[in-house]
Amino acid sequence: MATGNSGSFTLSASGNFSVVIYWSETYNESANTHNVSITACQLKSSNWYGFTYYPSGGLYINGTQVATFNSALGSHN
């Protein structure tokens with residue numbers, strides 16, 4: 001498979017947060033198929049800076065929850 005495009009886009013969230021999604025594409029020219037993958041995501045805030053903050057919530061793709069975040073556990077940043 002050949003490497004195609006890649007990039008990022010930003011989604012607005014609540015509480016002065018936004019989410020940056022990074023993606024990449026591979027394609028199979030002979031089969032005329034493309035596969036787009038999310039390679040990373042970052043939560044950004046315009047209010048919280050200078051220290052680590054652990055938000056609660058979830059990450060959903062096409063209505064399916066793929067990650068759960070709990071601020072009490074501190075398993076993510």
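This briefing covers the strands, the model confidence and one surface patch of the structure. The model is predicted, with a mean pLDDT of 83 over the chain. Its open sheet holds three strands in the order β1-β2-β3, paired antiparallel.

**Sheet**

- The edges of the sheet are taken by β1 (2-12) and β3; each has a single partner strand, so one side of each has no neighbour in the sheet.
- On average, neighbouring strands of this sheet are turned by 15° against each other, direction ignored.
- Strands of a sheet pair through backbone hydrogen bonds, in a parallel or antiparallel manner.

**Pairing of β2 and β3**

- Strand β2 (residues 17-28) runs antiparallel to β3, and 12 bridges join the two.

**Surface patch**

- Ile38, Ile61 and Val66 form a nonpolar patch on the surface, and together they have about 240 Å² of accessible area.
- Ile38 belongs to strand β3 (residues 33-45).
- Ile38 counts as partly exposed because its relative accessibility is 46%, a value between the limits of 20% and 50%.

**Confidence**

- A pLDDT of 70 or more is reached by 92% of the residues in the chain.
- Confidence is highest in β2, at a mean of 90, and lowest in strand β4 (residues 57-61), at 82.

How values were computed: Residues are numbered from 1 along each chain as its sequence is written. This is a predicted model: local features need pLDDT of at least 70, side-chain atom pairs count only at pLDDT 80 or more; totals for chains, interfaces and linings use all residues. Side-chain values use heavy atoms; hydrogens and water are left out. Patches are made of residues with over 30% relative accessible area and no salt bridge: like charges are joined within 9 Å, nonpolar side chains (Val, Leu, Ile, Met, Phe, Trp, Tyr) within 5 Å. Accessible areas come from the Shrake-Rupley method with a 1.4 Å probe; for residues, only the protein chains shown count as cover. A salt bridge is a side-chain nitrogen of Lys or Arg within 4 Å of a carboxyl oxygen of Asp or Glu. Helices (H or I, at least four residues) and strands (E, at least two) are DSSP runs, numbered from the N terminus. Buried means under 20% relative accessible area, exposed over 50%, partly exposed in between (1.4 Å probe, protein chains only). Two strands pair if DSSP finds at least two bridges between them. pLDDT is the predictor's confidence in each residue, from 0 to 100. Axes are lines fitted to C-alpha atoms, for helices over the stretch in contact, and angles run from 0 to 180 degrees between N-to-C directions.
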